[in-house]
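This report concerns the nonpolar core and the salt bridges of one protein structure. The sequence and the model are shown below.

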Amino acid sequence: MTKLVVQTLPHSRAHHHLPSAVTVQDHLPQHETVEPSIRPLDDGERSDLLRLNIAGDFVSAIGVTLGVAPFMTVIDKAIVEVASGSNTIIKSSLASVRSIISSPVSYVKSPMFLAMWATYASTYCAANSIRTLNEHYSTKSGQAASALFVGTTAVNSSATMMKDSLYAKAFGGSAASPRPMPSITYGLWGLRDCLVISSSFVLPPILQSALVNKLDMEESKAKTTAQIFCPIATQFIAGPVQLLGLDYYNRPGTTLSSRLSLLASEFTTIVSARIARIAPAYGIGGVGNNYVRDRWRSWVIHREMEKAAKGGSPDRLV
């Protein structure tokens, strides 16, 4: 019988990171002891594991966002219509749900759904793969956080602005005669995206560590709590910023006092709607993404350990 032990990168867990070496030790009588044989992964083996883990990053990102995209399309359309004054959150949401139920195939083929799915699938693909590359190359924590924030924000912001421009022109006050987006709208949406990405991918691990160290919370519970809390709390700022960007498109030339009055009157509605969409997007979606990604990592390691066991030699490494 053969016993396999996976030795991972420093300060990492076997199901989260790429193994750097595999130890194979035969069971011996209790009075006999041997030193385990360890052979580090060579470059080809590490590359194989990297490719497998990035494939898992894409599978989890695309699969999870497919499930949450419908909720976000309903809310985003409603936010745009509220900003233009053409509808209310409830009426718009109900109309969208009825449309989805009555014509699900047409909905899945619609630009409204495809743009939303592409936006969040690309965002999670970027975040997951950057994390994997940071683990693979043992990037220092500060540099890893910066790479995660910059890379994910660049992908998310580009995709989100294209998606938001599509929604604003299709459902906004100028839907009948769409016009170019003003630069200030893109700037405000860029600020919103920075807030959302930092609260979804950068801040949760920091809060998770604080909950574990300061409150002695169980790590898995702390991870879920942080992943849900951070994106939701940020919507009290991100919501008004998005509404302001939409207002600059819908009402060009309007005074600042009029825009601030709109923010005050629609604050509760917009923040509530943003929380309703961000919860599945980065709260539930983030938890689901982490779960699928971790399970994929566990499967990869288990698969490679089985291959090593079948080799029958302490020097065989997957």
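Does Asp-247 count as buried or exposed? Asp-247 counts as buried, at 1% relative accessibility. The model discussed here is predicted.

Asp-247 forms a salt bridge with Arg-259, their side chains meeting at 2.9 Å, N to O. The pair links distant parts of the chain, with Arg-259 in helix α8 and Asp-247 in helix α7, twelve residues apart. Arg-259 also counts as buried, at 2% relative accessibility.

## Other salt bridges

The whole structure contains 13 salt bridges. One of them joins the side chains of Lys-163 and Asp-164 at 2.7 Å, N to O. Lys-163 is buried, with a relative accessible area of 3%, and Asp-164 is buried at 4%. Both residues belong to a salt-bridge network together with Asp-76, Arg-192, Asp-193 and Arg-277.

Arg-51 and Asp-48 form a further salt bridge, at 2.3 Å, N to O. These two residues lie three apart in helix α1 and are therefore separated by about one helical turn. Arg-51 is exposed, with a relative accessible area of 54%, whereas Asp-48 is partly exposed at 40%.

## The largest nonpolar core

The largest nonpolar core has 43 residues, of which Met-72, Phe-201, Leu-246 and Tyr-282 touch the most other members. Helices α1, α4, α5, α6, α7 and α8 each give two or more residues to this core. The largest share, ten residues, comes from α1.

Leaving aside residues up to four places away in sequence, Phe-201 touches Thr-123, Tyr-124, Ala-127, Arg-131, Leu-148, Thr-152 and Tyr-282.

Key. Residues numbered from 1 in each chain as written. Predicted model: local features only at pLDDT ≥ 70, side-chain atom pairs only at ≥ 80, totals over all residues. Heavy atoms only, no water. Core = buried A, V, L, I, M, F, W, Y, C linked by side-chain atoms within 4.5 Å. Buried < 20%, exposed > 50% of the residue type's maximum accessible area, 1.4 Å probe, protein only. Helix = DSSP H or I, 4+ residues; strand = E, 2+ residues; numbered from the N terminus. Contact = heavy atoms within 4.5 Å. Salt bridge = Lys/Arg side-chain N within 4 Å of Asp/Glu carboxyl O.
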